[in-house]
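Student: I have a model open and want a quick tour. Can we go through it together?
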Amino acid sequence: MTHVITSLCLRDGGCKDVCPVECIVPGKPESEWPWYYIDPDTCIDCGACVAECPFEAIFPQDDVPSALKAKEGQRLSRPEGTAVYDGTDHYKKPVHLAHTVILKAGQTADLHPDIEGNAKFFKTGPGYSAK
Ligand code: SF4
Ligand code: SF4
């Protein structure tokens with residue numbers, strides 16, 4: 001199995017530094033790969049990254065929710081989103097995401113498509129580009 005970062009990721013970056021096998025990478029270019037990704041061939045399922053994420057974006061693959069019950073204001077980083085997110089990352093550097101979706105309390109969100117998004121990211125080869 002592997003752990004998977006879902007579109008709840010808002011590019012905080014804190015998970016990357018605690019991974020003992022360095023298998024978490026930021027998606028580039030951000031417009032095409034808007035969150036961080038876990039290399040499924042390298043992840044050892046230690047779970048260290050889960051506790052580090054302020055947005056509870058990381059799950060063991062089998063536990064990725066198909067019907068997440070959202071908290072008020074929770075965001076998904078998805079290309080189709082129209083809400084702009086401006087925040088700061090783990091290192092107090094600015095984060096600007098042009099495409100997020102803001103969820104309402106109790107709204108359900110299917111995060112299963114993010115599993116395929118993660119796998120696809122690592123199939124595209126050097127440079128981690130969608131092209
Ligand atoms: S800690 Fe969470 S929000 Fe930050 S990059 Fe990792 S998965 Fe994304
Ligand atoms: S579960 Fe462990 S090995 Fe896998 S990405 Fe998270 S920190 Fe790295």
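**Sheet and ligand shell**

Tutor: Start in strand 8, where Thr100 is the bridge partner of Ala83. Keep in mind that this is a predicted model.

Student: Which residue in strand 8 stands opposite Tyr85?

Tutor: Leu97 does.

Student: How many bridges pair strand 7 with strand 8?

Tutor: Five, in the antiparallel sense. Strand 8 covers residues 94–102.

Student: What about the hairpin of strand 7 and strand 8?

Tutor: Five residues lie between the strands. Lys92 takes a positive phi there, near 70°.

Student: OK, strand 6. How many bridges join it to strand 8?

Tutor: Three, and strands 6 and 8 run antiparallel. Leu76 stands opposite Val101 of strand 8.

Student: In what order do the strands of the sheet come?

Tutor: The order is 6-8-7. Three strands form the sheet, which is open, with antiparallel pairing.

Student: Why is one side of strand 6 and of strand 7 left without a neighbour in the sheet?

Tutor: Strand 6 (75–77) and strand 7 (83–88) stand at the edges. Each has a single partner strand, so one side of each has no neighbour in the sheet.

Student: And the twist, what does it average?

Tutor: It averages 55° from one strand to the next.

Student: Switching to ligand 1. Which residues come nearest?

Tutor: Cys9, Asp12, Cys15, Tyr36 and Cys53, of the 15 residues around ligand 1.

Student: How does that shell split by class?

Tutor: Around ligand 1 there are ten nonpolar, two polar and three charged residues.

Technical notes
Residues numbered from 1 in each chain as written. Chains lettered and ligands numbered in written order. Predicted model: local features only at pLDDT ≥ 70, side-chain atom pairs only at ≥ 80, totals over all residues. Near = placed C-beta within 6 Å. Nonpolar A, V, L, I, M, F, W, Y, C, P; charged D, E, K, R; others polar. Pairing = 2+ DSSP bridges. Helix = DSSP H or I, 4+ residues; strand = E, 2+ residues; numbered from the N terminus. Axes fitted to C-alpha atoms, helices over the stretch in contact; angles between N-to-C directions.
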